[in-house]
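Reader: Hi! Could you walk me through this one? I'm new to reading structures.
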Amino acid sequence: MSAASGNAVPLTPQFLFEALQAASSQSQELVKHASAQLKDWETRPGYWSLLQDAFFDRSLPVEIRWLAIITLRQGVDKYWRKTASKHAYLRSRLLSSSIDEPHHQLALQNAVIVAKVARLEYPFDWPEVFTELTSIIRDASQSTSEIGEGEAATLRLKRSVSMMLHVVKELATGRLVRTKANLQSVTPEVFKALGSVYVRHVEVWHALLDQQPAPTKLVDSMTVSLLTLKVLRRLIVAGYEFPNRVAEVRELWSILSGQVWAIFEAEKQIPPSEEAVSTLLKKHVINIGKLFLEVGSSHAAAFALLPDTLQLLGKYWEVVVDHGNSQMQQSNQQVNKESNGKSEAEQKAEEERTKFRQRVALQGMLLFRNCLRTIFSPVATFKYRHKAEKDETKEATTIFKTQLFTPETVTHCMEVLVTKYFVIRPSDLAEWEEDPEGWSEQWENAVESWEFLIRPCAEKLFMDLVLNFKETLGEPLMRVFSSVSSDEKGDVLIKDAIYTAVGLAAPVLHTALNFDQFMHNTLVKEIQIQQPGYNILRRRIAILIGQWVSVKISPDSRPTVYQITQHLLNREDPLNDLVVRLSAARNLKRSVDEWEFRVESFLPYVDDLFTKLMSLIDEVEQTEVRMGLLDVIGVVVERLEHRIAPYAESIITILPPLWEQTGDEHLFKQAILTILTKLVSAMKDKSLQYHHMVIPLIRFSVEPGSGMQVYLLEDALDLWEATIRATPAPAPQGLLDLVSYLLPCVELGTQTLRKVLDIIESYVILAPREMIEVHRAGMFDAFASLQGTLKPEANSIVTNVVEIVIRAAEALGGEQALSVVGNELIRSGFLPTLLEGIEKSHEAHQTTGPNKRYAPLETIVMTDCFSVLSRMVLASTTMFVENVRVCAERKGRTIGSDMEWVLEEWFRHFGNIGHPKQRKLGCIALTKLLGTNQGWILKRLQDLMTVWTDVVTELQENQGADALIYWDAEQESASDDPETAERTRRKELLMSDPAQSMDIVALVKHHLTKAQSENGGPEAFRNDWVINVDEHVLADFGKLGIF
């Protein structure tokens, strides 16, 4: 059976079974054909019902039923919303037919389908879903205690509560106000039903907890209560606007506040053999903690006002303290190598219990962070709040400020965090020794995982406390710091913890602590101590300096910072292990990449630091670590700018081997391209010596068949741009050969298009002859394909490139070269499309009233279009007229008729041209058109005089002379670096522009005199053409004294 055979396979239960059977086979060929057949049936009537039948048929193999329900789930995502009216039969069987499904995973998939359908159809098409589920839950819960019904009823209860959980979860994630309102409307009824189920089943399993081995009923009841708890948690968070105002929520909150600690303590008594019971108890505690966290985050005021919250927080903090003490005790045992005398199973259970207590302690820290956020960083909202809500928020803030975060409590919290959670554990040190690279990378990035890891969370909580209670904690911190820093023989681990606190508190302690003095008198000595364990302190000192360097280290002390970094990067010192050196390298980046950095004070240490960094890159193996070190080198290169030249060779040397070693690891290749970009930008024209390496890397990165284009294109374009801007003329052949890879990049999308256009522009400026002779067809085809799709900024780049090409053609080959470029502009469709846009704008401007149309071209785009036409006229009036004639004749019109609307739109738009350069350029072009002596330009003498008057008046700023340079030439450069080769080329291009050097007054006088002589002399010219000019326009023009 195959969908590819050309004959439609009938949709029957038997054929469907065969297709599902084939789709679940081990043969890839069968799977391929079966998948195609199932896809072909998707739009057949009755297909989804048959799939549901297959799922319900428990006589079928589980793998067939699994594939049926998974396919049905995918169909709900894809088709249900489109054809919802046809699925009443499917919907009617979702609840009842699988309420007693014995297979857990199959039931779970069905529950997911129920949730997806409920989100789409409740309350309009499926209003009874909550009522039916609640009824099933009530009936099943009551039946669980009946003789002979217990097992079946428990199964129905678990399945129905699971469905309710997924439905509530689905609606709770909805962002629409309607979705939230739908859930809130049914919450009271569901909450009451599930609340009683939860309480009843907790009582059941609590009474059975002491029985060993654990009876089945115990595990079943715990499973039901856990599922119910998950539903109640989401209902409280998403189902109530103000949960603290609901009596049922307050009652359950009181129950859970006490129950969580009873379960927490009960879990300690469970023997290792009862792993299932222990796991379920832990899950109860964690889920109750999630409820507290989510309410504290989503309903901050309600959390404070719900009963027993302060006592709850106190108990959580006790867990934080106890877990910290336990960790310290375990650390001492490991240090002293004391045996606890426990069996392997008991040790494993103890490890799991420790992880569990740590997770509860983490929840306690997160709760305290939520409370601090309630006080100092309340969530901003645009929603209108009633007075009662504002009063509740104010009361909650007052409760936390005055009753929770008292000075004594704040100080105690700070001490616990520093002395118990900032201390490195022996287990951490063991990982340090075992995998220094992985450990260093993990600890470097752990701060981003503060919601899941206890050490980073402790640091975050400490920072919250210090920043918000500066006056309270500043003095105690300085007191502890002073006692530790002056004790030369103190415990290294405690000193490391205190230094951690001082580093994190740098923004607060900078006024009280003279860090320069501390660094010179203490840190310099400590990094030279040769005693076991001082590698821990060396790592911390490197981090500490990195934290303080942007806060308060004077410029005079910067050499000391670099000397300390030198010392810590020294591989010959046995205490400078890999972790210490990696930490020193990362914090060198912080020392260099900040506002007060001075290159002069850094230069004496560059050679040695680069040598050690290169050696470190060779030593490490993990890609992420190497990328981090490359980033450090990249920042140093960026800050040194052109001074990097003496050290560039050593950096360049290590890159090709690294590139080869990375294989398909595109992130590392991106890092290499980035550092090359920084090197090329810093070295400018001296980077030419590295083209032999740079050009192949660019080619590999942008070549469509390389497989890396999608990952490396953006970074390769940055390198390409930096390379071409730094390259002096004449362009090397290798760089020119890359153009064939550049033009296809125009089609790759908008994210990189601007960069591609910039590079094309740079190529035209660097090598105009090669771009015209070899690549003009591809270039103009690419430009023509972009017309009408670009934003004004990108369109300006395209038109500017076309202008440069026209200027270059005139300079390189005169009329012949201009003819070639003009023919290419027409062939590619660029010029016809440009003129068509002007024509449509002209037609739109002729409409008024209800039928008025708007011009398709934006004002800026129209200005750029006329700049291109102006360049054509400046280069050769003959070429311009000929090209317009060809475009007109292609549409069966004459040049005269087309020039009518071109000139009308040109003069209309002239007042909207803002840039002085473009205004003068347009004025010159319109003036030169007068030299054609055609009626279509002579009849526009009034418009010409208006333009002349405006532009000449602007130009006569220097005692009546033509201000030849009256725009800011700096604006014409794409590069801010005055030393780049491209900067020089752009300056030369600007200064050689005819619009820059041409005297507009002399030009106007010349063409008016010529037109007068070609039209019968002054008298005839006046009678035939000047007579049509408005007398006021003529008078204003006469005041200029030109003619």
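Author: Happy to; we can go through confidence, helix packing and cysteines.

Reader: Great. What is the mean pLDDT of the protein chain?
Author: This is a predicted model, and its protein chain has a mean pLDDT of 88. A pLDDT of 70 or more is reached by 94% of the residues.

Reader: And where is the pLDDT below 50?
Author: One such stretch is residues 1-6, which has 11 contacts in the model beyond near neighbours in sequence. Residues 964-978 are also below 50, and that stretch has 35 contacts of this kind.

Reader: OK, helices next! At what angle do H25 and H27 pack?
Author: The angle is about 10 degrees, and the two axes lie 8 Å apart. H25 covers residues 534-548, while H27 covers residues 578-592. Angles under 35 degrees count as roughly parallel, so H25 and H27 are roughly parallel to each other.

Reader: Which residues make that contact between H25 and H27?
Author: From H25 come Asn535, Arg538, Arg539, Ala542, Ile543, Gly546 and Gln547. H27 brings Val579, Val580, Ser583, Ala584, Asn587 and Arg590. Sorted by class, this contact of H25 with H27 has 5 nonpolar, 5 polar and 3 charged residues.

Reader: Nice. What about H18 and H25, at what angle do they pack?
Author: H18, which is residues 426-434, packs with H25 at about 85 degrees, with the axes 12 Å apart. Angles of 65 to 115 degrees count as roughly perpendicular, so that is how H18 and H25 are arranged.

Reader: Which residues meet there, in H18 and in H25?
Author: On the H18 side they are Leu429, Trp432 and Glu433, and in H25 they meet Asn535, Ile536 and Arg539. The contact of H18 with H25 divides into 3 nonpolar, 1 polar and 2 charged residues. Asn535 and Arg539 of H25 are also listed in the contact with H27.

Reader: Switching topic: how many disulfides are there in the whole structure?
Author: A search of the whole structure turns up 0. A disulfide is a covalent bond between the sulfur atoms of two cysteines.

Reader: Is Cys413 buried or exposed?
Author: Cys413 counts as buried, because its relative accessibility is 1%.

Methods: Residues are numbered from 1 along each chain as its sequence is written. This is a predicted model: local features need pLDDT of at least 70, side-chain atom pairs count only at pLDDT 80 or more; totals for chains, interfaces and linings use all residues. Side-chain values use heavy atoms; hydrogens and water are left out. Axes are lines fitted to C-alpha atoms, for helices over the stretch in contact, and angles run from 0 to 180 degrees between N-to-C directions. Helices (H or I, at least four residues) and strands (E, at least two) are DSSP runs, numbered from the N terminus. Angles under 35 degrees count as roughly parallel, over 145 as roughly antiparallel, 65 to 115 as roughly perpendicular and the rest as oblique. Contact means heavy atoms within 4.5 Å. Ala, Val, Leu, Ile, Met, Phe, Trp, Tyr, Cys and Pro count as nonpolar, Asp, Glu, Lys and Arg as charged, and the others, Gly among them, as polar. A disulfide is a pair of cysteine sulfur atoms within 2.5 Å. Buried means under 20% relative accessible area, exposed over 50%, partly exposed in between (1.4 Å probe, protein chains only). pLDDT is the predictor's confidence in each residue, from 0 to 100.
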